[in-house]
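Let's take a friendly walk through this model, from its helix packing to its aromatic rings. Have the structure open as you read.

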Amino acid sequence: MKVEPLQTAKQGERLGTPQGADSWRRKYAGRLQVIDAAVVVWAVAGAFGVRFGFADNGSIQDGDYILLSLALIVVWCLMLAYWGTREARILGAGSEEYKRVIAASGWLFGFVAVISYALKIDTARGFVGLAFPAGVIGLLAARWLMRQHLTVDRKNGHSSSRVLIIGSLSSAEHLVRSLRSQPAAGYLPVAVHVPSLELNAGYASDLGIPITATERGVGSVLMAIESEGIDAVAISSGAPLGPTDLRQLGWELAARDIGMILAPALTDVAGPRIHTQPVAGLPLIHVSTPKLTGGKKVAKRVFDVVVAGTLTLGLLPVFVVIAALVRSTSRGPVFYMQERIGLRGTSFRMLKFRSMKVNADAELQRLLAEQGSADKPLFKIENDPRITPVGRILRKYSLDELPQLLNVIGGSMSLVGPRPQRESEVALYDDAAHRRLYVNPGMSGLWQVSGRSNLTWEESIRLDLYYVENWSLMGDVVILLKTFKAVFASTGAV
């Protein structure tokens, strides 16, 4: 449809919660404060009880440690507040909340250790050694549970910051769709402000929120803020605001306690690659080049070998059972090996438990042609007749992939990375898709935990490229944890 300048919504028609702008923040922060205090008390009291015990009459044996425990509880709660672990902008998504909880706790117990050493205080190491890990694990677990509740609430359109987006039509639309794709982040787009020349030219959109036009200046922006109950303003590329306008807008927003967000035209770039350097009053954004070399490459390889080796040893009984089932229920070998393309375009033989009948590859092209997907890089045969009954179960829970742990140990694959594909599929790659080959292929990856085979080729390649461009060891750990959840849910399984 053709978008015309729209009137701003009335007070009773606003998207999101009917609550005040800060009510959900205060309520959620208050809940976290109570939960944090309860976890800290549990950790410190539990460590005290385990380390020192209680007398038969119920009185605690060591009075000095009573005072230490009380002081530790109070200071721990204060440290969590001082470190900003309950700030609204870090709640619900990302790792910053967890990092701050760990940092606040680590600094506290580091300070206790330094003071004990400097003043030669004989602090019981068992007491501290129990309280610290128990408290950190308890706090992280509680925050995770609260995050699940907040995520559900935000998916229903509540407990989010109401955002006004300013920018060109194309960049504003892209930002709206990006924010809507991640409701757990807590940003709810409710209005768009674009240059009047662009809007008057006509633009097809189905955003479903008011799109208003503006000339240069902040007056119309402030009117939209007041009428829409805005909590944050996101400024994207093409915004009709000059440097002086942005500075004035910043002052006005600060006076109203409204957040100001700058959204540069950068896509699929993770936080660790972004560095801000102020120069002459300008916050220059540096985007580092992604590199998996040197120490990072060694760390990933060590992680792969240790985890894959441990899993292989622990799953040996499972290997034996699966091998027996495959061998006894269909004619042919237990394992299936296939040439796949790996790092820098080199080929390797990928191992799997056989889940299809013998000579299944000979029928592949015929089946692809029948369903019209022979020219697509990412294929899936619907209701594949080649799969054996046992193989269907193995594929549903990805058990046929377990032998690839040996590929990981051998170095041709990684635990996490883009899925390895056949040479015929790689031949269909465009320039962007070839970047998938910059790292070792993986048993699991971003697209597997984001929808598995239900995703389109475009969605899969975007996720794989994001992984290649933004690799981190912690990211691998998170993907592996999500892999177990995706496997047991059998979402998108073949």
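## Helix 3 against helix 4

A crossing of two helices is called right-handed if the near helix is turned clockwise from the far one by less than a right angle, and left-handed if anticlockwise. With that in mind, and remembering that this is a predicted model, which hand does the crossing of helix 3 and helix 4 have? The crossing of these two helices is right-handed.

Helix 3 covers residues 96–118 and helix 4 covers residues 125–155; their axes come within 10 Å and cross at roughly 160°. Because angles over 145 degrees count as roughly antiparallel, helix 3 is roughly antiparallel to helix 4.

Which residues of helix 3 meet helix 4? On the helix 3 side they are Glu 97, Tyr 98, Val 101, Ile 102, Ser 105, Gly 106 and Phe 109. Their partners in helix 4 are Val 128, Ala 131, Phe 132, Val 136, Leu 139, Leu 140, Arg 143, Trp 144 and Arg 147. Sorted by class, this contact between helix 3 and helix 4 has 11 nonpolar, two polar and three charged residues.

## Helix 1 against helix 4

Helix 4 also packs with helix 1, at an angle of about 155° and with the axes 8 Å apart. That angle makes helix 1 roughly antiparallel to helix 4. The crossing of helix 1 and helix 4 is right-handed, and by class their contact has 21 nonpolar, four polar and six charged residues.

Helix 1 spans residues 23–52, and Trp 24 is found in it. Is Trp 24 buried or exposed? Trp 24 counts as buried, because its relative accessibility is 5%. The C-alpha atom of Trp 24 is separated by 8.1 Å from that of Ser 160, although the two residues are 136 residues apart along the chain.

## Aromatic pairs

How many aromatic pairs does a search of the whole structure find? The search finds six. In one of them, the ring centres of Trp 83 and Trp 107 are 6.1 Å apart and the planes are at 35°, so the pair is tilted. This pair links distant parts of the chain: Trp 83 lies in the loop between helix 2 (63–82) and helix 3, while Trp 107 lies in helix 3, 24 residues apart. Trp 83 counts as partly exposed because its relative accessibility is 24%, and Trp 107 counts as exposed because its relative accessibility is 59%.

Turn next to Phe 335 and Phe 353, whose ring centres are 5.2 Å apart with planes at 20°, so the pair is stacked. Phe 335 sits in strand 8 (residues 335–341) and Phe 353 in strand 9 (residues 347–353), 18 residues apart, and here too the pair links distant parts of the chain. Phe 335 is partly exposed, with a relative accessible area of 40%, whereas Phe 353 is buried, with a relative accessible area of 1%.

There is also an aromatic cluster, formed by Trp 76, Phe 109 and Phe 132. Phe 109 and Phe 132 are also among the residues where helix 3 and helix 4 meet.

## The chain as a whole

Stepping back, the protein chain has 16 helices and 11 strands. Of its 494 residues, 43% are buried. Among contacts with a separation of 6 or more, 73% are between residues 24 or more positions apart.

Technical notes:
Residues are numbered from 1 along each chain as its sequence is written. This is a predicted model: local features need pLDDT of at least 70, side-chain atom pairs count only at pLDDT 80 or more; totals for chains, interfaces and linings use all residues. Side-chain values use heavy atoms; hydrogens and water are left out. Axes are lines fitted to C-alpha atoms, for helices over the stretch in contact, and angles run from 0 to 180 degrees between N-to-C directions. Helices (H or I, at least four residues) and strands (E, at least two) are DSSP runs, numbered from the N terminus. Angles under 35 degrees count as roughly parallel, over 145 as roughly antiparallel, 65 to 115 as roughly perpendicular and the rest as oblique. Contact means heavy atoms within 4.5 Å. Ala, Val, Leu, Ile, Met, Phe, Trp, Tyr, Cys and Pro count as nonpolar, Asp, Glu, Lys and Arg as charged, and the others, Gly among them, as polar. Rings of Phe, Tyr and Trp (its six-membered ring) pair if their centres lie within 6.5 Å; planes under 30 degrees apart count as stacked, over 60 as edge-to-face and the rest as tilted. Buried means under 20% relative accessible area, exposed over 50%, partly exposed in between (1.4 Å probe, protein chains only).
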